[in-house]
Each structure stands twice: as C-alpha cells, then as structure tokens.
Amino acid sequence: MAVSDLAALVVALPIFGSLVAFLAALVRSKSGWPVAVAATAAQLAVTVTLAVRAFGEGTITYVVGGFEAPYGIELVVDGLTGTMLVLIAAVSLGVLAYARRAGPRSNPFYAVFMLLVAGLTGMSVTADLFNMYVFLEITGLSAYALVASGDRGRSAVAALKYLLVGTVGASLFLLGVGYAYIDTGTLNMADLAVKLAANGYTATLTQTAFALIVVGLFIKVAVFPLHTWQPDAYAGAPDTVSGLISALVSTVAAYALLRVVFTVFGTAFLDANPFAHALLVGGAIISILLGSLLAVSQSEVKRMLAYSSVSQFGLIVAAISIGNVTALTGAAVHLVGHAIMKGGLFLTAGLVATETGARSVDEYEGLVKRSPVGAGVFGVLAVAMVGVPPTIGFAGKWYIAVGAAEAGSWTLLAVIVGSTLLTLAYFARLVERMFFREPTADLEPAVERADGALPDGGDLGGSDPGSASLGMYAAVVAAAVLAVALGFAVFGYGDVLQSTIEALLS
Amino acid sequence: MDALVPPFLPVLLAAVVLPFLGRRAGHALGVLATAAVVPYVWLVAEGAHLPVSLFGFDAVLFNVDPFSTLMGVIFGFIGAVGVLYSYASDADNLQTAFALGYVGTSLGAVFGGDWLSLVFFWELMAVTSTLLVWHYGGRAVRAGFRYAVLHGIGGTLFLGAIVWHFAETGTFLFGSVPGGPESVGLAGSVAPVLAGLGVGVNVGFIGLHAWLPDTYPRPHIAASVFLCVFTTKTGVYGMYRVFPADGNVAVAYMGGAMAVFGAVMALFQNDMRRLLSYHIQSQVGYMVAGVGIGSALAQAGAFAHVFNHILYKGLLFMTAGVVIYRTGEESLKKVGGLAREMPITAGAFTVAALSIAGFPGFNGFVSKGIVISASHYDFGYGPFSVAGYTSLEILLLVGGVGTFMSFIKFGYYAFFHGSYDGTVKDANRGQAVGMVAVAALCVLYGLAPDALFAVLPFDVTSEAVVSHVYHTYTVDHILEGVVLAVAGLVGFALVKRPLSGVKYVPDVDDVYNPLTFRATRVLVVGVTELYAAVDRLVVRAATDSVAVVRAPGAPRPRRRRGPRLAARGHQRQHLPRRRDARNRRRRDGHPLSGPDESGSVSFYCRRKYFRHG
Amino acid sequence: MTDITSLRPLAAVLVSAVAVVPILASYRRPNLREGWTVLAAVCKLGLVASMVPAALRGDVYVTKLGPFVPYIDLTLRADALGLLFALVASTLWLVTSFYSIGYMRGLDEHSQTRYFAAFAGSVSSAVGVAFASNLVVLYLFYELLTVATYPLVAHDETDEARAAGRKYLAYTFGGGVAVLGGTLLVVHLAGTTAFTAGGIAGLANSDPTLARVAFALLVTGFGVKAALMPLHSWLPDAMVAPTPVSGLLHAVAVVKSGVFGVARVLLDVFGIDLVAELGVGGVLAAVAAFTLLTASVIALRQDNLKRRLAFSTVSQLSYIVLGIAVGGAAALGTGDAAKWALIGGLLHIPAHAFMKLTLFFCAGASTSRLTPTTSRTWPASASACPSRWARSQSPQPAWRASRWSPGS
C-alpha cells in the first residue's frame, strides 16, 4: 500500500469502526468500547505514520477514485494536517480510556463516536471545499447526537440548540462554497486559489464567498457573538462527550478556517480587503475579551470552561488574522495545546463530579481534600491555560504574540498578552476554592446520584458509583503531563512545521 | 613602634568579652584596655598610618597626627578612669561594655585618616551611646529616643557632606594623608555647610543643642561620665577636620554665642547634671570658637581646651555622681552642706569648678586663655567690639563670668549652703581614686602649663608657629581671671534671690518637640490615609467591575470594605474550624483589616515620645 | 571569561523542585518529610556554593538545553550577579527550613505538607530566576515563582488570606503580563533577549520610543515584585502568610526576584549606557526615591509588626532599585559614580536579605511563643525573651525598641 493510500485509510478506518461498533451490538451488547478502542488505536498508528511522512518527506496527496484534481476529490496531508490527524486520534483514544467507566456505554454511542472521528479526520485531510462541507455536516450531526446522548432533558435541549445554530453555520458555509463555485467553477482548494486570484480579490462574489464561509466557520468555532450554542452543548453533554467535542470540534473548525483563509483565499486577499481582515481581527478581540468576562461570571464549572474556549479560540482567530509564519505556527501549537488542556479540564470536571458530585464553582470548595487527583490536575491544567511557562499554553501564546509583534499589530499584541490576566481571573476563583477553603458540608456525591443527576447513560452497570476508574485517572493525568511536557517540544515542532506554513502562505 | 593595631581594636574587644567576665575581672580588663591606649598612641610616631580598604574604598584606620594623638591620649585616660568609676559606682558589666564600645568607636573616629572611617565610627558612636543611655531604662529611654533621632539626623547630614565631597574629589582620604586630595577640608560649597550642621548637632550649636541637657542627666551616673566626654569632643575634632585651614567666621561666632548661652542657661538649672550639661555646651563653645578662628594659636587653644575640659568635666560629673550616689537626690534644692559630710568630693569639686571657670592656677585658665588670646589677636573686631576687645572676645569673657556664677551656685547649694540632715558617706575608694587622680591632673596642668603645651598640635610658645606667643602667667591674664571670678561672685550675690524663684526655663526643644510631633503626625496620617484611600478606591473598582461582570444589571449590595472579589449568592455554612491554633494565630499579629490598618495611632505618634519625662 | 558547560546550574535549580515529589509522598511521616526539605536545602546550597570559585575566577557555568521558543534558548547561566542572588536564596533557605519546622510544628499548623512542598518549589523558581540567561527564561521562573508562592500566601485559608492571595495573583500576574509584553518588544526590536554584559547590541539601534515602552513595561512588570509604589500593595497584605514565608519569600526570594529582574533589565538587556541615553534611569530613580520615603512614612503607622516590616521592605527594596537606577542615570556622567551606585544597590540585596530575615524570624518567634491574650502587649514578650528582642532590634536603627524596652 502506498503511503498516499493511508490518507484515504484515515477517513475510512473510523467509518468502518463505526459500522462495526453498530453491528457488534447485534452480537453482543456493550461491545462498542473494545471496537472503538481498537479502531482508534489503529487510527492513531496510521495517523502517526502519515504525520511522520508528511513532516519528513513533504506533502502527501491522494486522489480519490483516480479522478485527478481539479475534477476529482483530493486528500492532502501536510504538516498541519498531520498534526490535526494525530491530535484527533490521540485525544479520541484518551477520551475512550476515560469513557470505559464514565460511559455512556451503549454501542450506538460508540458508533456515533467513531463517526465523529471520521468527520473530523475528513475535514482535516480533504483538499476539496465541498467535501469539507460534507465532513463538516458529518461532524456536526454526530456531535448533536453525542450531546443528546445524555439522558437528561437538559442534554436534549442543548443538542437541539446546537443543531439549530450549527446547521445555520453549516448552511452559511455551504452558501459560501456555492458562491465560490459560481465564481470559479471549481471546488478544489488549490485550484480555487489560482482562479480566485485570476478573478481579482475585490470581486463582490469572492468577497461574499469569503464572508459567508468565515461567518459559517465562526459559528462552528464559536467566536463571540456566534458562540451561543457552545456553553449549553458543553455543559449539557455527558462528561465524556464534552471532553471530546471541546477538545476537537471547535479545533478542527478553526483548522478549517485557517485552511480556507490561507489555502483558498490567501494572504493577498486579506491585504486587498481590509474589511475581511477587520472581520478576523474584530472577531478575535471580541472573543478574547468577552469570552473571558463571561467565563468569570459563570457559576457552573463546565459552562465556565466553555466560555473559556470562546476566549481561547479568539487567540487562534487572532493568529489567523496576523497571518505570518510565527503566528500560524502559534495557531497550530495553540490548537493542539488547547485541545489537550481543555479536553483534560472537561474530563477532570467529569472526574470530580463522579467522585464528589461537585459541578458548580461553589461546590468546588475544599476540593483538594475530597478529590486530590482531580484538584491537582485541574490546578496544573488551569496554570497551563493561564499560560505560565514552560507549559504548552505559554508556548502557543508566545508564538502568536511574537507574530503580532513582527506584524506590528500592537492592539492585538496588547490583547493577547493581556488575555493572560483575563484567563487568570476565572481560573483563580476555582483554584482558590479548591485549595484554600473548607469543604462545604452539604454536598454528597451519593445524594447527587440518587437524584439521577449523573449525566451518563443511566447505565451504571455493576460498577461502584462513587469511584473513578484507573482509565479516568490515566486520561486526566496524561493530559496534565502533556500540557507541561509538550511545552518543551514546541520549538522542534515549530521547526518542522515551518515549511508547511511557508507553503501555506506562499 | 609599628602602627599595625588601631587603638580602638583592644577597647572594642574588651567591650565584647566584658559581659562574659566577672565584674571585677571585666572592669579590670576594661581599665587595662583603655589605659594601654595612652602610652600606645603617645609612642606611635607621627605620620604612621594603616591603609585599608573599607567597603571597597581606600581608607586609613589608624592615622597619627598631633590632633589624633592628643584626642587618643585623653580619651584613653578618661576612659580608664571612667571604667574604674563605673566599677566603684555599681554599674553592671553590660553597661560598661556599652561604654567601652562608645570609647572604642570614639577612638576609631579620631584616628580615622579619611572621611569614610570617620563617619563610620561617628554613626557607631551614636548607636553605642544610645545603648548606654537606654540601658538605664526608665526616664532615660525616651530621652535616648530623642537623642538617637537627633544624632541620626546629624549623622545623615554629615554623611551627605562626605558623599558630596567624594563626588567632587573621588576620594575619602584626608588631605593630610598620603594619596589624599590636594585641598584639605571638605570640597565644594555645599559640603562644608552640611557638615557644619551635622557636626553642629554633636557639638551642640544653639538650636541643635537641646539633646545635651535632655539626655545627659538621665542615665546611670557612671554613664554620664562617659557621655560628657566623647560625643561633643569628637564633634570638636570633626569640626576641625571640616574647617582645618582658616576656620570659619560663622562657626567662631557660634562658638562665642554657645559659651554665653550655655552658661546663662546653666545658671537657671537646679538639676545637678542638667546644669553640668549646659556647661558642656558653654565650654564646647570655647573650642568651637577656637576652631572657627582657625589660626594655629586658636586651634592649639581649642584642643588644649578639649584636653582640659575632658579632665574637669569628667571630674565634675564624677563628683555630681557621687552626690547622687550617696544621697539619691538629683536636685540642688534637695541637698546642701555636704562639704562637711564628703570632704573628698567637695575638694574635687572645688578643683574642677575652679578649673572650668578658668581661675588662675588651674588648667582651664591656661587653655581658655589661649582661645581668648587668639580671639583677640587673630580675629576681626566684629560688630560690637569695645575698647580693643573684639566682639568674640567679649562673648567668651561674658561666658566666663556666667561660668563662675553657675559654679558658685552649684558649690554653694550642694556643699556649703545649710547643713545636711543625717550622715552621708563620702565617695568610696574607687570613686575617690578616680576623682583625686583627675583633680591632680587639673592642678598639674594649671601650674605647669608646659606639660600641656607638649601635647598640643602647635607650639604656642614659638614665634615661628603662632602669630602671638602665649604666656600663661602674665599680670594681665591673672588679673583677668581674678576679675572674672569677682564679677562672678558679685553677679551670683545679685541674682541669688531672684534665681531661687525660677523653676523651669524653657529651651528650644519645648518648641520643636511638639512641633515635630504634630508635623510628623500630619505627615504620617496624611500619607497613610491618602494611600489607604487610593487603595480602597482601586479595590472597590476591581470588586465592582467583577461584580458587574458576574451579574450584569443586578443591584450591587454595598459590601464591607475589603477585597472580596467573589460575591456569592448564598453564604455557605462553613465547617467548624479544626484547630484552635489557627484561630489563635489569626487573632494575634496578622493583618485583619483589608488594605490598611489605620484604626489606631501608632506609638510613633504618641505624644509622650516628644515630651520630657 | 570562559563558559563551562555543565549541568550544575540546572541541578541547582531542580534539586528542590524534585524534592517536592518525596515531600508530597511522605505526607504521613512529618519527620521524613522535613528530612527531604533539609536534604534538598543542603544539596542546593552545596551546588550553588560549588559554582562560586569559578565565578570568582570570572568563569561561568552554563547549562544549555537547546532552543525553547523562536529566538530563545533554554539556557541557564550562573554568572556573578545570578550567583549572588542564588547564594543568598539558598543559604537562607537552609536556615529558614529549620526555622519553618519549629514554627509550623510549634503552632500546630494545618497543611504542612503543602507548605513545605510549595516552599521547595518557590526556592527552585527563585534560583531559576537567578540563573536565567535571557528574558524569557527569567519570565518563566518569575511566573513559576508566583504560582509556587500563591499557596503559601493563602495558607491560612481565612477570608483575609484568600483576599491577600487574590491580590497577590492579580498584582504579580499583572506584572508578569507587563514583563511578557516588554520581552516581546525586546524580541521584536533586537531579535534576542539573551543577557549581554553592557546591553543587547540590537536595542541601541532600534526605535527609541519603542525601546522606552519596552523598558517601561519590563520595569513595571518586575517593579510589581520589587514593590515599587504604587505597585507594592500586595506585599503588606501577603504578610498574612506564615512568618517563615514572609521572611524568606516576601523579604528575600520573591521581592528580590523583582529587583533582580530590574537589575538584569538595566545591566544586561538595555545596558546602563543605553538607559542613560534613553533618559529612563532618572525616572526610575525618582519612582524609587518616592517609594523609599513614602513607604517609610507609612511603616511608621503600622501597629502590626509584620505589616510594619513589610513596608520597611518596600522602602529598603527601593534602595536597591535606586542604586541601579542611579547607575543608569549617571552612566554618561562621571565614570565612578555609576559604578558605586550599582555596587551599592546590588550589595543591598544580600544585606537586606539578612537583616530582614532576622527581623521576621524574631517577629515570628515572638508570635509563636505568645499566648493569644498578650498579642497586644508586646512588653510581655520583651521581658519573656529579652535575647530574642535584642536580636530583633540589632540590625535596625535601635530606637525601634523603645516601645518595648523595660520601664518605658
């Protein structure tokens, strides 16, 4: 099998896994988990191979069905794609380790889970704009389903809201793709780039296409004020699901934004259209500031984390708006870092809820006495999120900030650097409560469970309800360790990514 | 003799080990260490010096010139007598250790060959003397506080002058020391003024003098003996170093004014040691005048007066100390007729009083004569000269009359007036030995002035050196001394009655202590409150903005002052505290209020620190 | 001056950070736990001290760990200035360790494991600050120091302690943000932040306005921990921490890291010549002088002993900053003046460390021995432990004692 075939395999494998998981239920119930693990492990192996090749030997291209671009669908794996692929597989595996005890445990869940992986992977590898839309929808639909897999009414409402808003986003994206197609007659990204340039960047059609696509993706990324689906979805979903989608869905959407802005439209477009640039800069600044402020005002931990994502993705959008090598490297680093940190935080929040029943900020008081691992990991990840060196949170922020300085965007620089304090504002509340207050007396995990408030599939099986599994601990601890350790690997990564970014910007 | 060991070293070592020795052994060591200084510095050849590096600067720890030698000899001698007196007056080891530290640092100051080591020891003198005062406790403590503050200010001014000098010349060395700058004294125009004021605190310039009568009457009687010697005389020495060449007219007149002012103020005093303290100012006035005139004759006279003054003023404080020691009374009004009860003390007092007043035949007559002679021959006539007497000379002569009057008062009330009820023992053996030894020297130097001239930096009997050769016993001089004495007697007889009605004469500190108190209070309270207000404002702004973010539009309850960032909807019940210890520690010694603790006025602002007693 | 490549600087930084693990692990056995602390402190002091001879020769131990982020190497350099700070911190840590054991046990404090672990982490960060070879590594340890000391400030877990902790975080992270911003500007202007004796060459040729902004940001950032007014307000509040923390961290390690940062910025980033040329040294000197006086005045009114010492710290730190700033302001003037000002300022780092730590130890010893009812009546303590009081007074102008001296 040629290396390029692997590019197709990474999309096919999770779809196949999804089918198997679905069908395995016919044979034996609760067999979804091993299937999903096996598929994801294989997926991880394949993606790592791909990424190594992509970094080592340059971009890998695969043409679906032998139809050459620009007519056929092309799959392209460059350094950035490789990064996303490995990230998706690795985070999925981590979440799976967590999910074994935490649930939900039904086979359909794992089938949808794998479908989401497939959608995300597809969005990453595709070099075709319409194909990207398809995968965007697959991602979206499976995400709605996963959010709804909690058995509470709240999950359903959240999923519905997510569905409505998400569909608007996807539709806008589709509209934009349509305009671009009308404009150029092609859907292949590389080809689009050439033809759009030929048409001139100030053509109304081109501008409209850009605006629609970017706003559509803003919704998916959850940029303020288009973020409204996100807190509900994250907070309403089961802990496992919020861990997964918070780590990956917005991340891949942001990746798609980056891909579209630079591969399709290019820096020259941004230079020619100040409004387009202003759209990105404005979205970034508003997201960073208001996301943080909203995060401060939350009383529920998962909602707070969700708003934190709004703010953090503002940073990514900022990096995209800056659009030089350093800033985009920073975007890549921060995408990875944020996925690990935020996914870890959501999983930790779930772990804490499992152990103690604590879900609100106030209930976290004195957490360190009741859930030392949870509090410790939460603390480390919070510090990383704030951007204290040498964690990955710092590295990403540093790259983006250096990029802003290089580009002379002083306003953005100030906002980026200042965002540290805003991040601190909402995490310090929690850290203080966790470590420096007495536990509140009226909170018992068992009580919460008796209410049926536990958001897993309701399928508690024979396991001890009050305890967390080794897998759950391993997943969150691994996230904490990675958040610190990856900080030291960033320079090497930035080095190998450089050629990809330069190609992207050329 | 190799000058490798600076003289302060053995004295300071003795001070360090003294608290760990027995009383007798410790004091013996103290006497030995200080007494050894006398022959040592006398024998070290002039010009010997010990260059060192102090804080990375060139410095000279042991610099021998005639001025230093004179100071060293007399400091060592009076130090030994003082330790002996301390031993006899029941001073404990720690106090004597502080006193030795004081002696040692003074020796360090006068043997320093550069400004840096001078000011280094200068500040240490202030510290050790403060400790010496404080050690007595009681009323001495607050006086010691004021003493420390004032000397802190003076030392700082002096330090500023020296730094200024360093910036001008790039070296701290004295001009007379090898490697020193071309010019002598302090360079520039500002440095001498700063230094004059700074040193002026030590020598008791009028207006800066109030610490003298405030502090010296309060500590242990033996401590007073040390105090009356070192600070002011080192001050005179420092004044000479600041104005070594041609003196300074203003300083000279200040000296004259001090001589009069101190003597007049002394006349009003009833507390024995307070009276003597004012006389320190008066006598130091003669020395300052000598330094201010600046001629060889005047400087020789000033240092001769330093030498003599240390002897008789030490002796006066010793006799006053014995009276207090035996009677327990501090006031002249409570004692009387003691001459019959304590003849040795009375005899020593008489010698000392005649010396200080400058009666012919006693050492004060010699040195005061030199200064007055210099003021006559080497100084301008000034604004109010009369009949060939220069203005300064008149001031010094008037001061002499005042001195006679006040010592006649002291002697009259303490020893001769009335009779004492009951029996009082005379000085004990140790005290007596010390007093007699010093008294003998007073007489010796008075009768054989050549012995005194031998230690002076300039030979006052050589025409090559001084403008006007000084002869001690001329008819004019003796007549002058006798006239002053008679004037003093007559004067005392005239003012005796009105004087006995005077209770308390206010001094400048009665003005500046409350003024300092109020000004400091305004400053401290103002700054603190301003700071607290700004801090409250910032904290409130932060708190409010957080509250706005957390619950937009919700009515914000006014919370108590304090940076509580988290406004919670419901207050949760906290678990009972686990350990009492935590509560306990929270109560004591931990900041309980928010940004600033401004509820109570701190001790600094309490008025008592600026009041007498 | 030669560089000696060695792992010693890294080991000196890490030894106490590594010790955090066994300290946490042996939480059930206090004696063993404290054993780890002492062991780490001895090792740390030994490692730091072992580099002193080389520094005196003029050689520098360097640990190179490769690049960290673009333009920035993760390198530790134990040069003379850094070694001065590291030696002070590690020496005093050893002393403070013993004191802490007595203090914490004497008061039967809670969460002692957390306390000792955070303490070890803080000292690691402080030595890291000392050995940082460029602004980013300095920033790294500067922030870690904040994180590691926060648990110590909030240790008491009272409302006051938590409020102090919040204030501490807000101020110091705010400072960190300014440092980060300044660092970014320096990277932008010079392409490097590596400390260079006499200043980074690239800065001298850059836009003076931006250079001034970078300087202002950096000095403001480090000025927070150096407690320059008006950025000092966290320090008195942080006195709610246990006394050894106030002593070692808030009079030595943390505040000196700020001062040290200012020194690095003036000496090794901008260089005093450039500072003089930009005219910023005088401004900094003015701020320092203002702080020096105002803090002393405020200190006069603090009845709480530790708060008073805190304001004294604010004032004393400004001596250091003043010395450095005057060195910068005077660089173009007479040659020696700058040198003496710098030496004086830097010499005050260890000098103040020893003085203030002694004072805090005495304050803490009195606190731990006093019964609660006598907290307002200090004379009891003065007569109960006079030798301690004597020591407490000795390094300061002695009139401070007057209030408590017998018979007053």
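A crossing of two helices is right-handed if the near helix is turned clockwise from the far one by less than a right angle. These legends describe close-up views of a predicted model.

**View 1. Helices α11(C) and α14(C) cross in a right-handed way.**
Helix α11 covers residues 243-270 of chain C, and helix α14 covers residues 305-329 of chain C. Their axes come within 10 Å and cross at roughly 15°. Angles under 35 degrees count as roughly parallel, so α11(C) and α14(C) are roughly parallel to each other. From α11(C), the contact uses Ser246(C), His250(C), Ala251(C), Val255(C), Val259(C), Val262(C), Ala263(C) and Leu266(C). From α14(C), the partners are Lys306(C), Ala310(C), Thr313(C), Leu317(C), Ile320(C), Val321(C), Ile324(C) and Gly328(C). By class, this contact has 11 nonpolar, four polar and one charged residues.

**View 2. Helices α7(B) and α9(B) cross in a left-handed way.**
The two axes come within 8 Å. They cross at roughly 160°. Angles over 145 degrees count as roughly antiparallel, so α7(B) and α9(B) are described that way. On α7(B), the contact is made by Pro192(B), Ala195(B), Gly196(B), Val199(B), Asn202(B) and Val203(B). On α9(B), the contact residues include Thr231(B), Thr232(B), Gly235(B), Gly238(B), Met239(B) and Val242(B). By class, the contact of α7(B) with α9(B) has seven nonpolar, seven polar and no charged residues.

**View 3. Domain 1 of chain B touches domain 2 of chain B.**
Chain B has 21 helices and two strands. The chain is divided into domain 1 (1-243), domain 2 (246-505) and domain 3 (508-549 + 596-613). The centres of domain 1 and domain 2 of chain B, taken over C-alpha atoms, are 23 Å apart. How many residues of each are in contact? There are 34 from domain 1 of chain B and 43 from domain 2 of chain B. On the domain 1 side, α3 (66-88), α7 (190-203), α8 (211-215) and α9 (221-242) of chain B each give two or more residues. By class, that side has 27 nonpolar, six polar and one charged residues. Now take chain B as a whole. Of its 613 residues, 55% count as buried. Among contacts in chain B with a separation of 6 or more, 79% join residues 24 or more positions apart.

**View 4. Helix α9 of chain A is largely enclosed by the rest of the structure.**
Why is α9(A) described as largely enclosed? Eight of the eight residues of this helix, residues 229-236, are buried. They are Trp229(A), Gln230(A), Pro231(A), Asp232(A), Ala233(A), Tyr234(A), Ala235(A) and Gly236(A). These buried residues pack against α5 (129-148), α6 (153-184), α10 (239-272) and α12 (301-322) of chain A.

**View 5. Val264(A) sits in helix α10 of chain A.**
Is Val264(A) buried or exposed? The cut-off for buried is 20 or more other C-beta atoms within 10 Å. Val264(A) has 23, so this residue is buried. Leaving out residues up to four places away in sequence, Val264(A) touches Leu129(A), Met189(A), Leu192(A) and Ala193(A). Take one of these partners, Leu192(A). Val264(A) and Leu192(A) are 72 residues apart in sequence. In space, their C-alpha atoms are 5.9 Å apart.

**View 6. Phe195(C) lies in a loop of chain C.**
The loop runs between α7 (159-190) and α8 (201-204) of chain C. Phe195(C) is buried, because 23 other C-beta atoms lie within 10 Å. Which residues does Phe195(C) touch, not counting residues up to four places away in sequence? They are Ser133(C), Asn134(C), Arg264(C), Asp268(C) and Val269(C). Along the chain, Phe195(C) and Arg264(C) are 69 residues apart. Their C-alpha atoms are separated by 7.4 Å.

**View 7. Tyr61(C) lies in strand β2 of chain C.**
This strand covers residues 60-69. Tyr61(C) counts as buried because there are 25 C-beta neighbours inside 10 Å. Leaving aside neighbours within four places in sequence, Tyr61(C) is in contact with Ile4(C), Ser6(C), Arg8(C), Pro9(C), Met51(C), Ala54(C) and Ala78(C). Tyr61(C) and Pro9(C) are 52 residues apart in sequence. From C-alpha to C-alpha, the two are 6.8 Å apart in space.

Technical notes:
Residues are numbered from 1 along each chain as its sequence is written. Chains are lettered from A and ligands numbered from 1 in the order in which they are written. This is a predicted model: local features need pLDDT of at least 70, side-chain atom pairs count only at pLDDT 80 or more; totals for chains, interfaces and linings use all residues. Domain bounds come from an automatic or database domain assignment. Two residues are in contact if their C-beta atoms, placed from the backbone, lie within 7 Å. Helices (H or I, at least four residues) and strands (E, at least two) are DSSP runs, numbered from the N terminus. Ala, Val, Leu, Ile, Met, Phe, Trp, Tyr, Cys and Pro count as nonpolar, Asp, Glu, Lys and Arg as charged, and the others, Gly among them, as polar. A residue is buried if 20 or more other C-beta atoms lie within 10 Å of its own, exposed if 12 or fewer, and partly exposed in between; C-beta atoms are placed from the backbone. Axes are lines fitted to C-alpha atoms, for helices over the stretch in contact, and angles run from 0 to 180 degrees between N-to-C directions. Angles under 35 degrees count as roughly parallel, over 145 as roughly antiparallel, 65 to 115 as roughly perpendicular and the rest as oblique.
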